[in-house]
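Please consult the sequence and the structure alongside the text.

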Amino acid sequence: QEEARTQTRIREELKTCLLKTKVYGLDLLRKEMTGWIHTTMFYQATKKAENLYNAKKVDEAWRIMNQAVIAKSASSFEDGVNVGFEDSRLRITAERAERMLQAQRRLSYGVSFLDDALGGIIPNDLIVLGARTGAGKTMLATSIALANAAAGKQVHYFALEAEENEIERRVKYSVLAKAYYGMSNHGKICYSDWRQGKLEEELGNFENSCQENILAAVKNMHTLYKTSGDVNLETLERHMLEIVGKTDLVIVDHLHYIDTDDNENENVAYKKVIKLIRDFVLRYSIPVIVVAHLRKESINDPPKVPRIDDFMGTSDVPKIATTCIMLAPAYDEPSPD
């Protein structure tokens, strides 16, 4: 019934909205719909409570408002309104199929010791790698990414601490070093020397011959560096929602490089971040590995192996995670003399 010009304008506005939905992900639309549901529930509850209050039924009015608070916490656009408890007989009947499906999606740490000790990485895992500066957090995270990329899994790596292209450089160096150490005669090399261009004589000739292996190593890897812009709670969520259905493993390196509100308590801020990541893991069954810094060690008596309560910022990090892996350098035992 609208004029043709008005119809054209409406179509263009609808097209713009759909494009925004495509960019930001369907889950942000779901969040908006959940907010609408909560608003409607609030309106209905307050109207009922107001009528009861006017009828001098104060206790019943309070009951309606309390029920509304409970319903809000258990309601979303995707899951419905106030699902509440479910019969365990129904849950246990469906349990085996879900468990076997998750077993098929089990990933590897790429380190036999960790696979043996922890049984690999399952879809609902939130794994935290903790260590002090220079102990090898990024190296281990990169190794895990490479192992799963080589197995055909899609890996998305938030390289928030690294310089641009650092993860790719580390991958290239590992391939070159493997080829170099495969020779009968070789000396000792290290990444920092190669990064500074000091190993051209030793590794320069391998760059062309190993190019195919280097490209194959990163075939299924995708990286996002902080140089692309600030990464705060909102942008982290948006980036993670954009890769739902496209990724098998997410690595966030690291937690303490996610931008927080300057006016917010640090403990509260990082608790929000780790809870956001945990909710993502549970909702979409996509495992996430989070790299995190530890507090500075004691000067007087530094522990050889850090404890899980040494995480910087908040003690909630190891509490919310399903697995914590602590790294420490290999210490030489003092001589008996």
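## Central strands

Valine 252 stands opposite valine 290 in E5. The two strands concerned, E4 and E5 (residues 288-293), pair in the parallel sense over 4 bridges; strands are DSSP runs of E with at least two residues, helices are runs of H or I with at least four, and both are numbered from the N terminus. Two strands count as paired if DSSP finds at least two bridges between them. E2 and E4 also run parallel and are joined by 5 bridges, with phenylalanine 158 opposite valine 252 in E4.

Strand E4 (residues 249-253) is mostly covered, as 5 of its 5 residues are buried (buried means under 20% relative accessible area, exposed over 50%, partly exposed in between, with a 1.4 Å probe and protein chains only). In a regular strand, side chains alternate between the two faces of the sheet. Leu249, Ile251 and Asp253 point one way from E4, while Val250 and Val252 point the other way.

## Basis of the model

The model is predicted: local features need pLDDT of at least 70 and side-chain atom pairs count only at pLDDT 80 or more, whereas totals for chains, interfaces and linings use all residues. Residues are numbered from 1 along each chain as its sequence is written, and side-chain values use heavy atoms, with hydrogens and water left out.

## The whole sheet

The open sheet consists of 6 parallel strands in the order E3-E2-E4-E5-E1-E6. Strand E3 (221-225) and strand E6 (323-326) each have a single partner strand, so one side of each is left without a neighbour in the sheet. Strand E1 (residues 126-131) pairs with E6 over 4 bridges, and isoleucine 127 stands opposite threonine 323 in E6.

## Nonpolar cores

A nonpolar core is a set of buried Ala, Val, Leu, Ile, Met, Phe, Trp, Tyr and Cys residues joined through side-chain atoms within 4.5 Å. The largest has 41 residues, and those with the most contacts inside it are Leu129, Leu203, Ile251 and Ile289. H7 gives the most to this core, with 7 residues. Apart from it lies another core of 31 residues, among them Val231, Met240, Val290 and Val317.

## Helix H4

Helix H4 (residues 88-104) has 17 residues, of which the number buried is 1, so H4 lies largely in the open. H4 bends by about 40° at glutamate 95, the bend being the angle between axes fitted to the seven residues ending there and the seven starting there.
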